[in-house]
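This report covers selected local features of one protein model. The sequence and structure are shown first.

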Amino acid sequence: MKKLRCAVYTRKSSEEGLEQEFNSLDAQREACAAYITSQKHEGWVLLPTQYDDGGLSGGSLDRPALKQLLQDISDGQVDQIVVYKIDRLTRSLADFSRIVDTLDAAEASFVSVTQSFNTATSMGRLTLNMLLSFAQFEREVTAERIRDKIAASKRRGLWMGGSVPLGYDADGRTLKVNPCEAQTIRTLFDLYEQHGSVRAVKEQADLQGLRTKERVTADGQPKGGGPFERSHIHHILTNPIYAGRIRHKALVHEGQHAAIIDPDRWAHIQQRLQDGAAKGRARKTATQRSLLCGKLFDETGDRLTPSHTKTKAGVRLRYYISHRLVKRSGEPGVDGWRLPAPELKGRIVDLVRERLRKPSFAAAIAATASGSDIAANSAALKNITTSATALLHLVARIDLRPGSLTVTLDPTRLATLCNAAAHAIDRETLTLNAPFRMRKRGVETKLILQDTPVDPDQTLIRNIAKAHQWYQQVKAGHRLSDIARDAGTSTRRIQHMIDLAFLAPDLVRQVLAGTQPAGFTSDWFKQHGLPDDWQDQRDLIATLTHR
């Protein structure tokens, strides 16, 4: 008769009572052991290893004993799991499905002592799914009740836990003022009223040596006590808790704790923060004005005009598009240029700056007028290269053609800058030609010009490096679950990304240089994968150039 090695798994959601000499886990194990003994005639044998998870919820598989049990099943050391009730193993249908996959792969099964079924039969699986559905329903209803209780408690102004904010100490279901920390809060609000910007508050807080709240984590590690970041200061200034209120999602309720900042003063500061943010957006919009407007022309002679669109999050995306796309909007067969404005502006600035910094350019300008010297011109040109706006003012016209771009500098502005004669400046000196191409990465468009460093895909490079590291660990005999734990990721991701370790060497060099086809990204690889043959890889990736 074949032996059936049985492992007993026990679990209890709370730690209450676990300190007792005979607790719930012991009772579950005793009942399961007795059931296994009753099946001795069927070849059932109780394994000595105990798989106990005390004080852990059944809503997740992140349980040490369960992980060890599933690993032992995968290693062929266990033939059957025995539990007191199905919800001791899991309360989630999705998690149970993953457990069943592990059992099926190892040709193992599952038995519940108090519920007469097992997963070796189709009827047992049906009954099990029904019970799990009710267990999951119970867990979700419990979660809803907890959320409702938290919302009701916050409406009453009670503190419902979490990280205690700077300025307070926890006092049951409310907060009490910490005098020392409260002074730090008052100082931050005072500084904002004096200076009117979070940046200035940050600078003054550093000068005064103000520090964040010191905490001790659950594992006893100290945390906090460092300088304030601007985001932290902004969070403090906008937190209604300092006005004696409790926030719950989008609602704010009167709290039962004492206010550190007078509510009227706090409201006044919120208005100043909003006004300051509005002014900042206005300044940003002003600095983002279309400095290339009227200077851009495509290969047909059509002018490129500024345009914009908004994302779902309300972010404005600015473009330069061929005027015919606006004039003949909606007509079939109309095509033209559509270039991201910030990207184009940055590339043009880099191109002009690089030209003006060359000694040969200063020498060419100096040769056009008596009394002008190379050193003086070099100094004048060097000074202007620090300002992107000044560089763009020197541009008279930009002509776009497929594969190339021509920038023509304004002779009058250039002559004024260098104390030269505008009519004497050679046209070749005023003209900058550069190869020009676009690369798509997801929704982002990259413009690549001559003299502009190629921007390699750092995410793809990191994933290739990780794939090689993981492959070496696999060759050394490490288990995927251990590698995933050490890397802080999932085994599924490792299984998926490890194929990058077999990428053809010439393709790896292209990725490092940033010259690979535009469509070859980590996101593309996640959806498609790669063939094993290197030539097949090259042929496949080559098709991505125009996507």
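## Basis

This is a predicted model, in which local features need pLDDT of at least 70, side-chain atom pairs count only at pLDDT 80 or more, and totals for chains, interfaces and linings use all residues. Residues are numbered from 1 along each chain as its sequence is written, and side-chain values use heavy atoms, leaving out hydrogens and water.

## Helix α17

Helix α17 covers residues 458-475. Helices (H or I, at least four residues) and strands (E, at least two) are DSSP runs, numbered from the N terminus. The expected span of a helix is 1.5 Å times one less than its number of residues. For the 18 residues of α17 this gives 26 Å, in agreement with the 26 Å between its end C-alpha atoms.

Leu-460, Ile-461, Asn-463, Ile-464, Ala-467 and Trp-470 are the buried residues of α17; buried means under 20% relative accessible area, with a 1.4 Å probe and protein chains only. They pack against α18 (480-487), α19 (491-497), α20 (505-513) and α21 (522-528). Gly-477, which follows α17, has a positive phi near 95°.

Strands β11 (residues 245-248) and β12 (residues 251-254) pair in the antiparallel sense over four bridges; pairing requires at least two DSSP bridges between two strands. His-248 has Leu-251 of β12 as its bridge partner. Two residues lie between the strands of this hairpin, and Lys-249 in the turn has a positive phi of about 55°.

## Lys-12

Lys-12 is in strand β1 (residues 4-12) and is buried, at 18% relative accessible area. Not counting residues up to four places away in sequence, Lys-12 touches Leu-18, Ser-24, Leu-25, Asp-53, Gly-54, Gly-55, Leu-56 and Arg-88, where contact means heavy atoms within 4.5 Å.

Conventions
Buried < 20%, exposed > 50% of the residue type's maximum accessible area, 1.4 Å probe, protein only.
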